[in-house]
Amino acid sequence: MDSTARKVLERLTVSAKAQVRQVLRARIVLAAAEGPANAEIACELGIAVNTVRKWRGRFARYGTDGLKDARRSGRPRIYDDRVRVAIVAAATSAPPHPAATWTHRAIAEQVAGTVSAAVSPSHVGRILANLDLKPHKVRG
């Protein structure tokens with residue numbers, strides 16, 4: 001382990017704002033650098049031996065970047081980026097004349113007319129919430 005990686009890991013272990021899992025992973029790697037066996041490290045930190053094996057291996061293969069959470073597949077997106085852009089464009093534009101503000105239902109109807117994709121109002125709400133957009137609070 002080089003000195004820069006050691007410094008990063010040591011800083012991580014004393015950080016008050018680091019995630020607990022990141023601190024644990026850094027402690028595993030730092031303990032492994034001292035030379036004890038996986039079982040000793042696991043016993044010392046109160047974790048499973050397989051956990052020690054996993055993070056030692058990930059650090060050996062990828063360095064400090066290997067200690068980050070791996071991407072997970074998750075559920076595939078239902079709508080592509082075109083639909084998301086249409087939702088954001090509608091939410092950030094002026095609402096139709098009689099309405100003072102956008103509603104999720106109105107945005108869904110607007111997007112269905114422009115992109116030819118039927119989007120539910122609740123899904124519009126989820127997309128806007130992920131982007132921290134609140135069109136119902138904007139007066140235009």
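Here are some friendly notes on the structure above, point by point.

1. **What kind of model this is.** This is a predicted model, in which local features need pLDDT of at least 70 and side-chain atom pairs count only at pLDDT 80 or more, while totals for chains, interfaces and linings use all residues. Residues are numbered from 1 along each chain as its sequence is written, and side-chain values use heavy atoms, with hydrogens and water left out.

2. **Fold content.** You will find seven helices and zero strands in the protein, giving the pattern α-α-α-α-α-α-α along the sequence. Helices here are DSSP runs of H or I with at least four residues, strands are runs of E with at least two, and both are numbered from the N terminus.

3. **Overall dimensions.** The C-alpha trace spans about 70 × 30 × 25 Å along its principal axes. The radius of gyration of the protein is 24 Å, whereas a compact globule of 140 residues would have a value near 14 Å. That radius is taken over C-alpha atoms, and the globule rule is 2.2 Å times the number of residues to the power 0.38. K54 is found in helix α4 and is partly exposed, at 45% relative accessible area.

4. Of the 140 residues, 29% count as buried. Buried means under 20% relative accessible area, exposed means over 50%, and partly exposed lies in between (1.4 Å probe, protein chains only). The accessible surface comes to about 9700 Å², and carbon and sulfur atoms own 52% of that area; the areas come from the Shrake-Rupley method with a 1.4 Å probe, and for residues only the protein chains shown count as cover. Among contacts with a separation of 6 or more, 46% join residues 24 or more positions apart, a contact being heavy atoms within 4.5 Å.

5. The whole structure holds six salt bridges, each defined as a side-chain nitrogen of Lys or Arg within 4 Å of a carboxyl oxygen of Asp or Glu. One of them joins R6 and E10, at 3.9 Å from N to O. Both residues lie in helix α1 (residues 3-14), four residues apart, about one turn of the helix. R6 is partly exposed at 27% relative accessibility, and E10 is also partly exposed, at 39%. A network of salt bridges links R6, E10 and E34.

6. **A salt bridge across the sequence.** R21 pairs with D69, with the closest N and O atoms 3.4 Å apart. R21 lies in helix α2 (residues 20-34) and D69 in the loop between α4 (49-62) and α5 (81-91), so this pair ties together parts that are 48 residues apart in sequence. R21 is partly exposed at 43%, and D69 is partly exposed at 42%.

7. **One more pair to look at.** D80 and R82 meet through their side chains in a salt bridge of 3.6 Å, N to O. Here D80 is partly exposed, at 39% relative accessible area, while R82 is exposed, at 53%.
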